[in-house]
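Subject: Structure handover

Hello,

I am passing this structure on to you. Please look through it first and then read the notes below it.

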Amino acid sequence: MIPLVIGVTTLTFALIHLIPGDAVEMISGETRQLTVEEKERIREKYGLNDPLPVQYVRYMVNLAKGDMGISIGTRSPVKFEISQRLPDTIILTITSILLVLVISLPIGIISALKRGTVIDTGAMTFALIGISMPAFWFGIMLMLVFGLYLDWLPTVGQGKTPLEFAKSLILPSVTLSLILVGFVTRIVRSSMLEVLSLDYVRTARAKGLSTRIVNARHALPNALIPVITVISGQFASLLGGAVVIEQVFGWPGLGRLTVNSIFRRDYMVVTGCVLVFAFMVILVNLVTDIMYTFIDPRIRYQ
Amino acid sequence: MKRSILLGFILILVMGLALAPVSADGHCPQEGGTFTIGVTNILPMDPDTAASDWTFYIITNIHSMLFRIESGQPVADLAESWDISDDGTVYTWHIRPGMQWHDGNEVFPEGESRDVTAHDVVYSLYRSYNNEASTMAADLRNIFVSAEAVDDYTMVLTLSAPDSIIYDKARGLTWAAIVPQEAIELYGDEYGLNPVGSGPFEFVSYSPDEEVVLRANEDYYIEPCLDEVIFKAMPDVPAAMIALEAGDIDWWGAVTPGDDVGRFQENEDMTVINFGCPVATRLYMSVDKPPFDDVNFRKALSHMMDGVAINAALRGPTHVKGAGTAGPGVAGYVEGLYDKYHYYDPDLAMSLLDDLGIVDSDGDGWREMEAGTNLVLPMHSWNSDPGPDYVAAVVDAGAQVGLIIEPQIADGATNNAKRIAGEFGIYLGQGWCGEGGTNSLWGRNGWIDSLGYRDEEVFSLLDLAASNLNEEEREAQLMAATERIAALYWEPAFSFFNIFTVKNNYVKDFFGGEWTLNITTDDHNVWIAEDER
Amino acid sequence: MAEHVAELIPEAEIAEKIKPKSFTSMAWRSLSTNKQAILGSIVLSILVFAAIFAGQLTPYEPYTTNYSNVKQLPSAQHLIGTDELGRDGFTRLLYGTRISLTIGVLVALCTMSIGVPLGAIAGYLGGVVDMVIMRVVDVLMAFPFLVLAIAMVAVVGPSLVNMVFALVMVSWIWYTRLVRSIVLSLRETEYIVAAQALGASQASIIFRHILPNVIPVVVVQVSFHVAEAILIAAALSYLGLGAQPPTAEWGAMLSNAKELMRILPMLSIAPGVAIMITVLAINFIGDALRDALDPTLRN
């Protein structure tokens, strides 16, 4: 865990410092030019003139103390910048995961039970189309239809009241869920098929239990394990997708902050964001491992 | 159509008067409500360092200004009136008594505010003056001598020479927001995150990249009709256009794309407002580097592209034919510069290149400057619409005359870094429209300085014009400067475009545009007709 | 997104399920009778044909502007209309096929040629080498893929070539993980242990026993990766980090067409559909390949 965090931080730090241009040049806009001395003063103040290793060590020491530094672009603490966005990204991702489950589980299960029928073929073709569609394009199409032609939902930004907020969450989360829906549906179907062919399910059926009970009590819980594996494994790609989707819908989350900060060369913010992203990925993997033990009693930690 | 709007307006006015609780002086047909404004980006709101025009919409509503600009004319704000000495160098400002700093914040607890005085104005001006990086324009700074408080409500500003364009909308004094010393000392560099002013609206909250919320300042000398003003940051313009049409934002305050302007003009629920200041899209070049250092090469670039056709295609109904550093309607505008200098003539461009020895000697269709290697011109551009379209047009125009143009579209940081490192080549940019703009952009030490644009004759013409109180002479000097810049082919241009902002019609008594937004002044008090939404 | 590729094949099961040689012919039969594979191949052939003969299929040039013919609605002359510079949208779409397919194949092949050897080395040699490679993999895995790709492009500067480089740099880990797990499980299998005991050379073990097991899995992986890379390249170009104007790339065309969405929705719809059809065709083939190479999933 700790080597991982150090690795992630180092890589981010190195990457962002390799990008040409620095944040001070960015402050110096086109309509107004900072003088050389002024820029030097800012660089001095934020320690940007020190050799990279010095900056790196200082950053790591501060990080250990819980200080993520100051955003040069907005002059506010990185912690403030991130804490403003983190909840939005978490809400967006979790809503998307829930949507994925709500859509994929029934379709996948029905496909498996009706294997080989038109329903199955239709559902699987649908799933493959979902996988093959560019999510950001799907988002634009949704925006066009529901935001503009039908005028049912807000197209961009985030609502303030709970109802408005929920409405503004719909399009981005549906779009984001597209990244996983087709994929998870396929996994649900194939793992369901696999479980249905296993001995104990056959035995249960042979014992005279109704198909419905067998499916619900025996097959389903076991078929869920790969689904959890996949969703946790895909969590990072969901976060990555959120970066683009947040940009499309103007959702004020961490992904948008990261991209904008890369554009602004705001080192501290980028490093902070990427760290938080990495932490979320690591955390989700941890939670998944714990969830296994609840679902599958065979898995226990030594 | 106009008639029905008028009728509707009267009806609502009557209904508003009948139903809505009328405020103390009865100036609001309808009280309360939230005015939501969309802009492309929002920066921290320190008037001294914010470099964004849109952030100034916010700053100028939180803070009092000495005066505001409406329809190109100065109107009273913090200064109730002012006198100018005959030689134009001494300004005596009479400060409005009874103006109070916003209270209920960390600096001034509720009920513990104090009056804004001439000393605060002096403090704010010197804060800008002493900060080399401030928004005070270089040419104004050059003639600034002193600012003194004669008494609590009288301030005297002394200049070394008359400033003919002191009311220009893009200059230091129009942007000089008055700030309290206590807040600057408390917050330091973070003042922009916690602005405290004395304007019609108080700062409530700032969510970076998202929004700024302001609420009405009930102690202001005019009570605002609105309860709340929200500024939303919307970098994605097409999405913002959809939001505007859906009524999620009430006014789009930044540049509206041409196609949308045409559409909104036909929409009875929308009003399209002209900024009144056409802007040019033009190519800046590293003129101190070969091959750009040769005026004939710049001339060839200018003639190879059909600037008017490109601009008309990309800007739609906002397109305005013309060229030059000052747009139509702005002092120093010279008519006919496009047809005189920048007209489309690819044959002329090719013969100019041939004369320069930039020829295609190996027959591969591309010209070389040195034998064996094709000449490749790097072209930098900003990365939002329609920058990339202009780039595509220039690349194609170059291909027609045998020049390879290599686009490098990047964000502002990268472009700035490259500009400073002198790696620019061609840069596609949008020009300033105002008089102050000509000075601060094209004058000594202006933005273009780092690209190597230097010409003593232009500099002295601009200097002369800036201190010339004779309007006719000044105009002649500015026009001479504009013409000379064009004759030097400093800036192949694609013609101008108008900047339009768009509001929904339920926003009433609105005055905006010209880089300013005055929500509550002596002449205007914006209110929202909620029942028309 | 790229993670799909690796996850589609549960690692632990691979070694058991793939028996070399024995079913090469079976796999081919499975492929040639798979309706989806046939459909995918036909569509892909059409796309490749369009990519190669784009110049012959349209009377227009993709980059030549025509200012007297801008923003034309779809018609017989301009199937999906013309853009704001008067360029024919359909022509640009055809040329875009060329770019998207090239990028997809290029990214997948380059990534494979870095990821596979690293995975093989890590799995076969084990020890310190394995540890170092896998630590790097772990670190890269902790990043959301797109964030890393965007940062990479920002470092090297936006362009098509740089985008390919960035994508390769961040996606080789999927091949490495996959190949390593196969090699690891094969190393312990009886026939390799036996071969070792019989004194077979390292090279002979790698080429005769391990490689034949790795190749089919990698082939499936590459086919999915091509589809994946096309999608990601489009997303990066949409953000302005990939193809630069005036390049006719589908993602860049989408980002450009967004401004004209209301008056010319076809310019937004068509590139998206083109991406979808291409990726779908490749995924059909990938699915069929996997079915052919993994008999347990076959009906």
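Predicted model: local features only at pLDDT ≥ 70, side-chain atom pairs only at ≥ 80, totals over all residues.

Residues are numbered from 1 along each chain as its sequence is written, chains are lettered from A and ligands numbered from 1 in the order in which they are written, and side-chain values use heavy atoms, with hydrogens and water left out.

Domains of chain A

Chain A is assigned domain 1 (2-64) and domain 2 (86-295); such bounds come from an automatic or database domain assignment. In the contact between them, 17 residues of domain 1 of chain A meet 15 residues of domain 2 of chain A, where contact means heavy atoms within 4.5 Å. The area buried between these two domains of chain A is about 1400 Å², with 80% of it from carbon and sulfur atoms. Buried area here is the accessible area (1.4 Å probe) that two parts lose on being put together, summed over both. A:T12, A:I16 and A:Y59 supply 35% of what domain 1 of chain A buries against domain 2 of chain A, more than any other three residues.

Between domain 1 and domain 2 of chain A there are zero salt bridges, a salt bridge being a side-chain nitrogen of Lys or Arg within 4 Å of a carboxyl oxygen of Asp or Glu. There are also zero residue pairs in polar contact between the two domains of chain A (both at pLDDT 80 or more). A polar contact is a pair of N or O atoms within 3.5 Å; within protein, one must be able to donate a hydrogen and the other to accept it, and residues adjacent in sequence count only if both atoms are side-chain atoms.

On the side of domain 1 of chain A that touches domain 2 of chain A, the elements that give two or more residues are α1 (2-18), α2 (23-27) and α4 (52-64) of chain A. Helices (H or I, at least four residues) and strands (E, at least two) are DSSP runs, numbered from the N terminus. α1(A) gives the most to this side, with eight residues.

Chain C against chain A

This contact takes 45 residues from chain C and 45 residues from chain A. The area buried between chain C and chain A is about 4200 Å², and carbon and sulfur atoms give 79% of it. Between chain C and chain A the counts are one salt bridge and three residue pairs in polar contact (both at pLDDT 80 or more). The largest share of the side of chain C that touches chain A comes from α13(C), with twelve residues. By class, that side of chain C has 32 nonpolar, five polar and eight charged residues. Ala, Val, Leu, Ile, Met, Phe, Trp, Tyr, Cys and Pro count as nonpolar, Asp, Glu, Lys and Arg as charged, and the others, Gly among them, as polar.

The salt bridge joins C:D287 and A:R186 (2.6 Å, N to O). A:R186, C:D287 and C:R290 are linked in a network of salt bridges.

Chain C by itself

Chain C has 13 helices and zero strands. Of its 299 residues, 58% are buried, meaning under 20% relative accessible area, with exposed over 50% and partly exposed in between (1.4 Å probe, protein chains only). C:A233 is found in helix α11 of chain C and counts as buried, at 1% relative accessibility. Apart from neighbours within four places in sequence, C:A233 is in contact with C:I103, C:M163 and C:E249.

Other salt bridges

A search of the whole structure finds 28 salt bridges over all chains. In chain A, A:D50 pairs with A:R58, their closest N and O atoms being 2.7 Å apart. A:D50 is partly exposed at 26% relative accessibility, and A:R58 is partly exposed at 33%.

In chain B, the salt bridge of B:R96 with B:D522 has its closest N and O atoms 4.0 Å apart. B:R96 lies in the loop between β5 (90-95) and α3 (118-130) of chain B and B:D522 in the loop between β24 (516-517) and β25 (527-528) of chain B, so the pair ties together parts 426 residues apart in sequence. B:R96 is buried, with a relative accessible area of 9%, whereas B:D522 is partly exposed at 49% relative accessibility.
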